[in-house]
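Please look over the sequence and the 3D structure shown here before reading on.

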Amino acid sequence: MALARILGNLFEFLRLKGRRHFVYVVMDECWSLLMHDAESVQRCFREYRKLNAGAIAISQSLSDLLENGNAKAIFQNTQIHIILRQREDPRQYKDSLKLN
């Protein structure tokens with residue numbers, strides 16, 4: 001409930017600010033936010049670009065994003081993925097990441 005209110009206020013801010021400055025919203029430990037309010041988080045990734053803004057999801061593990069249906073949809077619809085060294089074997093995500 002609180003997350004939806006915060007993201008709703010953020011949408012209103014972005015809508016009112018106009019297109020003067022590009023704004024990034026960084027969601028650290030995004031998997032946790034998705035567990036509480038996946039619909040609001042997905043809306044951010046779908047609609048921020050219309051408001052001259054962008055969303056950044058941060059997680060320590062690929063499995064957090066690729067084994068959660070909501071997160072996987074977000075991951076697959078983003079253009080840029082920055083993946084640092086993983087403790088787990090990334091080959092298991094070869095198809096999801098479209099790696100050779």
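This is a predicted model: local features need pLDDT of at least 70, side-chain atom pairs count only at pLDDT 80 or more; totals for chains, interfaces and linings use all residues.

Residues are numbered from 1 along each chain as its sequence is written, and side-chain values use heavy atoms, with hydrogens and water left out.

The protein chain has five helices and two strands; helices (H or I, at least four residues) and strands (E, at least two) are DSSP runs, numbered from the N terminus. Along the sequence these elements follow the pattern α-β-α-β-α-α-α. The C-alpha trace spans about 45 × 30 × 20 Å along its principal axes. Of the 100 residues in the protein chain, 33% are buried, where buried means under 20% relative accessible area, with a 1.4 Å probe and protein chains only. Among contacts (heavy atoms within 4.5 Å) with a separation of 6 or more, 72% join residues 24 or more positions apart.

Two packed helices are described by the angle between their axes and the distance between the axes. Here axes are lines fitted to C-alpha atoms, for helices over the stretch in contact, and angles run from 0 to 180 degrees between N-to-C directions. The axes of helix α1 (residues 2-17) and helix α2 (residues 30-47) come within 9 Å and cross at roughly 15°. The two helices α1 and α2 are therefore roughly parallel to each other, a term for angles under 35 degrees. On the α1 side, the contact is made by Leu-3, Ala-4, Leu-7 and Phe-11; on the α2 side, by Leu-33, Asp-37, Ser-40, Val-41, Arg-43, Cys-44 and Glu-47.

Phe-11 of helix α1 counts as buried because its relative accessibility is 7%. Leaving aside residues up to four places away in sequence, Phe-11 touches Arg-43, Cys-44, Glu-47, Tyr-48 and Leu-51. Ile-82 lies 71 residues from Phe-11 along the chain, and the C-alpha atoms of the two are separated by 25 Å.

Helix α2 also meets helix α4 (residues 69-76): their axes come within 9 Å and cross at roughly 20°. Helices α2 and α4 are therefore roughly parallel to each other as well. Leu-34, Ala-38, Val-41, Gln-42 and Phe-45 of α2 meet Asn-70, Ala-71 and Ile-74 of α4.

Technical notes: Angles under 35 degrees count as roughly parallel, over 145 as roughly antiparallel, 65 to 115 as roughly perpendicular and the rest as oblique. Buried means under 20% relative accessible area, exposed over 50%, partly exposed in between (1.4 Å probe, protein chains only).
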